[in-house]
Amino acid sequence: MKKLVMAAAVGTLSSVILTTQVAAPLLAQDTQSSGNVYQQLDLFGDIFERIRSQYVEEVDEGELIEAAINGMLTSLDPHSSYLPPADAEAMQVQTRGEFGGLGIEVTQEEGFVKVVAPMDGTPADEAGILAGDFITHVDGEGLLGLGLDEAVEMMRGLVGTDIVLTVVREDIDEPFDVTITRDVIKLTAVRARTEGDTVVLRVSTFNDQTYPNLKDGLEEEIEKAGGLDDINGVVLDLRNNPGGLLTQSIRVSDAFLEKGEIVSTRGREANQGERFNATPGDLIDGKPLVVLINGGSASASEIVAGALQDHRRAIVIGTKSFGKGSVQTVMRMRGDGAIRLTTARYYTPSGRSIQSLGVSPDIIVEQPRLDPTGAEDVDAPARASRSEADLRGSLNNDSLTEDEIEQIEADRERARAAAELRTEDYQLAYAIDILKGLSALSPQE
């Protein structure tokens, strides 16, 4: 018994000694780390005073502090930044769907300003700016070496004024200039139309208007078609959609899902994660759905595409998406400014992160690129086709009623319209053809 007591005592003593030996260095390390932080803050104060008193030109102290704060945030990742009061207010206006500018979403890649996507119907879109373009100069001034916010600031200006962007584009040998007139950007979040028997929902951004616009537009097109039974499916066009509000991407995904997870976010700590699930109710009652994406589809667009793909609710067509899988939280700070801070990564229902990888389409369909000058190749006139009906003395088809003949001619007209669409928008035409095929294979009641 004494041996057991002695052993226990020795064990207790050993654990005390071990704890003391390990904990003491850790405490010292924490103290030393805190001391280093305060020393560096003192160093920052010393440098600030030197700049303020000895820099060759007089400096604005407020701007100097803002630059230091922004430098700290932008060193973390391309999406974290400081928003001065004017920029913070502009962001609030943008989420409501109206703001001034060129209408492009940009990011920074290895020091260069890269276009994520032009927004539909904006000056940049009409001028021919494409997703993936690099902007190297603004009005002849180089952007290399500038922070993203500084580059964006150079592109801002009064509505109605012109700006010249120098663009580098893949597969184009030389940089070229594009002149754009700044304008008030009024974003229509969703445009709905019907092509043949297919409803096309073009979603250009995720702001406060997105889900209401989508629901109203979809219902209107279904009503014009004569009801849900008279459409063969829906194309959800997310190409060149740079993203926006997380809440809206969840609502758009939920519009076509009956149940299951839509997206999850995971922060630095385990208790900072969130899961968002679908609620019962599919706006098209399980009708076939095709989602279109490309390299300009980012963030909220990728949440929607990833959720619908993982649940096998939609066929995803196009090219690989942008790959922005992080969540930014806008936090109001003193003085009416704000910080945009990356606080989490998001994951699709299957648990995959698309950060830097993007969403891969189920069917890869490239869109033919346009010449930046707008020039088009003029093909030789197509040879007129001849059929039995063109032959002199050919027999009439007396096995069909007038109604049946009219139906055949209507089907032929729809096919002709679909062929014309291929020359205007090859990816969309492909998506519509997929829905036609699915409709042809579905059981007839």
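Visitor: Let's begin with a helix. Which are the buried residues of helix H7 (residues 246-254)?

Guide: This is a predicted model. In helix H7 the buried residues are Gln248, Ser249, Ile250, Val252, Ser253 and Asp254. They pack against helix H6 (210-225) and helix H8 (300-310), and also against strands S12 (233-237), S13 (261-266) and S14 (274-277).

Visitor: You mention strand S13. What makes Ser264 count as buried?

Guide: Ser264, which lies in strand S13, has a relative accessible area of 3%. Buried means under 20%, so Ser264 is buried. Leaving aside neighbours within four places in sequence, Ser264 is in contact with Glu274, Arg275, Arg345, Tyr346 and Tyr347.

Visitor: Tyr347 has a ring. What lies over the face of Tyr347?

Guide: Arg266 does, at 3.8 Å from the ring centre. The distance limit for a charge over a ring is 6 Å, and Arg266 at 3.8 Å is within it.

Visitor: On to ring pairs, then. Why is the pair Phe112 and Phe134 called edge-to-face?

Guide: The structure holds two aromatic pairs, and this is one of them. The ring centres of Phe112 and Phe134 are 6.4 Å apart, within the 6.5 Å limit, so the rings pair. Their planes stand at 80 degrees, and over 60 counts as edge-to-face, so that is the name the pair gets. The pair links distant parts of the chain: Phe112 is in strand S4 (residues 112-118) and Phe134 in strand S5 (residues 134-138), 22 residues apart. Phe112 is partly exposed at 36% relative accessible area, and Phe134 is partly exposed at 22%.

Visitor: And why is the pair Tyr426 and Tyr430 called tilted?

Guide: Their ring centres are 6.4 Å apart, again within 6.5 Å, so they pair. An α-helix has 3.6 residues a turn, so residues three or four places apart point the same way.

Visitor: How do you know that Tyr426 and Tyr430 are partly exposed?

Guide: Tyr426 has 35% relative accessibility and Tyr430 has 28%.

Visitor: Now salt bridges. What makes Lys224 and Glu221 a salt bridge?

Guide: The closest N and O atoms of Lys224 and Glu221 are 3.1 Å apart. The limit is 4 Å, so the pair qualifies as a salt bridge. Lys224 and Glu221 are three residues apart in helix H6, so about one helical turn separates them.

Visitor: How many salt bridges does the count come to?

Guide: The count comes to 16 salt bridges. Another of them joins the side chains of Arg52 and Glu49 (2.8 Å, N to O), both in helix H1 and three residues apart.

Visitor: One more stop in helix H1: what makes Tyr38 count as exposed?

Guide: Tyr38 lies in helix H1 (residues 2-54) and has 56% relative accessibility. Exposed means over 50%, so Tyr38 qualifies. Together with Val37 and Leu41, Tyr38 forms a nonpolar patch on the surface, with about 320 Å² of accessible area.

Terms used: Residues numbered from 1 in each chain as written. Predicted model: local features only at pLDDT ≥ 70, side-chain atom pairs only at ≥ 80, totals over all residues. Heavy atoms only, no water. Phe/Tyr/Trp six-rings, centres within 6.5 Å; stacked < 30°, edge-to-face > 60°. Helix = DSSP H or I, 4+ residues; strand = E, 2+ residues; numbered from the N terminus. Buried < 20%, exposed > 50% of the residue type's maximum accessible area, 1.4 Å probe, protein only. Lys NZ or Arg CZ within 6 Å of the ring centre and 35° of its normal. Contact = heavy atoms within 4.5 Å. Patch = residues over 30% accessible without salt bridge, like charges linked within 9 Å, V, L, I, M, F, W, Y side chains within 5 Å. Areas by Shrake-Rupley, 256 points an atom, 1.4 Å probe, with all protein chains shown as cover.
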